[in-house]
Amino acid sequence: MDRILIEARELKKYFPRRSGFLPSRGDDFVRAVDGICFHIASSEIFGLVGESGCGKTTIGKLLLLLEKLTSGSILFEGQDISTLSPEGLARYRASVQMMFQDPYGSLNPRMRIGDSIGEPLVENSDLSKREIREKMEEVLHQVGLPPQSAILYPHQFSGGQRQRIALARALILRPLFIVLDEPVSALDVSIRAQIMNLLMDIHHAIGLSYLLIAHDLSVVKHMCNRVGVMYVGKLVEYAGSKDLYRHPLHPYTQALFSAILAPSVSIRRKAIPLSGEVPSPFHPPAGCRFHPRCGKAVPRCSEITPSLEEVAPSHWVACHLYRSG
């Protein structure tokens with residue numbers, strides 16, 4: 001396996017809950033991310049899936065330092081980023097970029113796209129205007145846009161073209177890792193495959209690592225080496241993509257995947273309906289957070305929070321049904 005590029009250790013992010021103008025009480029907060037551990041290797045694509053509000057996007061923001069950790073640590077190439085020097089932190093920020101979901105809101109409508117793409121180099125390098133222009137044209141070519149695009153404004157492009165521009169902006173600093181936050185969900189179906197293939201081509205060409213945050217399971221299956229499944233701030237299962245899609249173990253993962261086509265005609269799946277509502281992250285259930293909706297729950301599921309255990313080679317699940325002891 002390639003070296004570990006980014007490692008998340010017991011990440012927690014709690015947001016205080018506010019009601020109108022009143023401050024929150026001491027224990028009144030949203031457990032958006034609650035003790036998440038995972039790693040992403042160099043040149044790997046790791047996917048995070050789960051229902052809306054489970055904490056996927058918050059994890060991406062934590063990795064990009066757009067949100068401050070409540071507790072836990074993030075390691076970059078083996079070093080805790082909280083211990084980095086100012087120069088090391090600047091290198092980390094340059095090495096980790098993001099491609100946002102909304103192709104219409106991620107670009108400044110008043111800036112020509114050449115200026116938008118080149119802006120990170122203006123802020124983070126001593127390159128001349130000519131050198132910046134050359135690098136900007138290079139990444140435009142890389143994402144399949146002509147150099148003449150640089151003089152145009154965002155409103156002159158389609159949604160798919162804007163995502164190409166957003167990707168060019170992310171690539172301009174030559175990052176090692178990009179967070180892809182629902183990169184194709186706002187696009188027409190006919191354009192999604194083009195952007196997915198572009199992302200894969202660039203991944204293979206320069207060895208980029210991705211964290212792919214998505215709710216479309218077919219996109220994750222197509223792109224990812226490994227996949228983690230989240231439920232109300234917790235990671236409940238992760239494994240290699242093929243293994244997870246063929247043999248989901250956690251009852252939530254089984255229900256989630258039962259709605260998509262099986263990977264082979266020899267595999268028959270029956271839809272697993274989920275009863276009840278997703279619990280509130282303000283006051284999640286004790287024990288396993290999925291137990292109120294789980295048809296396989298046993299008494300200890302409501303009492304003890306299951307930890308992630310490796311139940312098969314490189315296949316981890318947090319479920320009492322698979323506990324070794």
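Two strands count as paired when DSSP finds at least two bridges between them. With that in mind, let's walk through this predicted model, starting at one such pair.

**A parallel strand pair**

Strand β6 (residues 96-99) and strand β7 (residues 177-181) run parallel and are joined by four bridges. Within this pairing, Met 98 has Val 179 of β7 as its bridge partner. In a regular strand, side chains alternate between the two faces of the sheet. Here β6 is covered on both faces: Val 96 and Met 98 are buried on one side, and Gln 97 and Met 99 are buried on the other.

How many residues does the largest nonpolar core have? It has 56, and the members with the most contacts inside it are Ile 117, Leu 167, Ile 178 and Leu 212. Helix α6 (residues 189-206) supplies the largest share of this core, with six residues. A second, separate core has 29 residues, among them Leu 63, Ile 81, Tyr 92 and Val 179.

Leu 212 is a handy place to look around. Leaving aside residues up to four places away in sequence, Leu 212 touches Ile 45, Phe 46, Gly 47 and Leu 48, along with Leu 180, Pro 183, Val 219, Val 220, Met 223 and Cys 224.

**Helices α3 and α5**

Helix α3 (residues 113-124) has these buried residues: Ile 113, Gly 114, Ser 116, Ile 117, Gly 118, Pro 120 and Leu 121. Their cover includes α4 (129-142) and α5 (159-171).

Helix α5 also holds Gln 163. Is Gln 163 buried or exposed? Gln 163 counts as buried, because its relative accessibility is 0%. Its contacts, again not counting residues up to four places away in sequence, are Met 99, Phe 100, Gln 101, Pro 103, Pro 183, Leu 187 and Ile 195.

**Cysteines without a bond**

The disulfide count for this model is zero.

Methods:
Residues are numbered from 1 along each chain as its sequence is written. This is a predicted model: local features need pLDDT of at least 70, side-chain atom pairs count only at pLDDT 80 or more; totals for chains, interfaces and linings use all residues. Side-chain values use heavy atoms; hydrogens and water are left out. A nonpolar core is a set of buried Ala, Val, Leu, Ile, Met, Phe, Trp, Tyr and Cys residues joined through side-chain atoms within 4.5 Å. Buried means under 20% relative accessible area, exposed over 50%, partly exposed in between (1.4 Å probe, protein chains only). Helices (H or I, at least four residues) and strands (E, at least two) are DSSP runs, numbered from the N terminus. Contact means heavy atoms within 4.5 Å. A disulfide is a pair of cysteine sulfur atoms within 2.5 Å.
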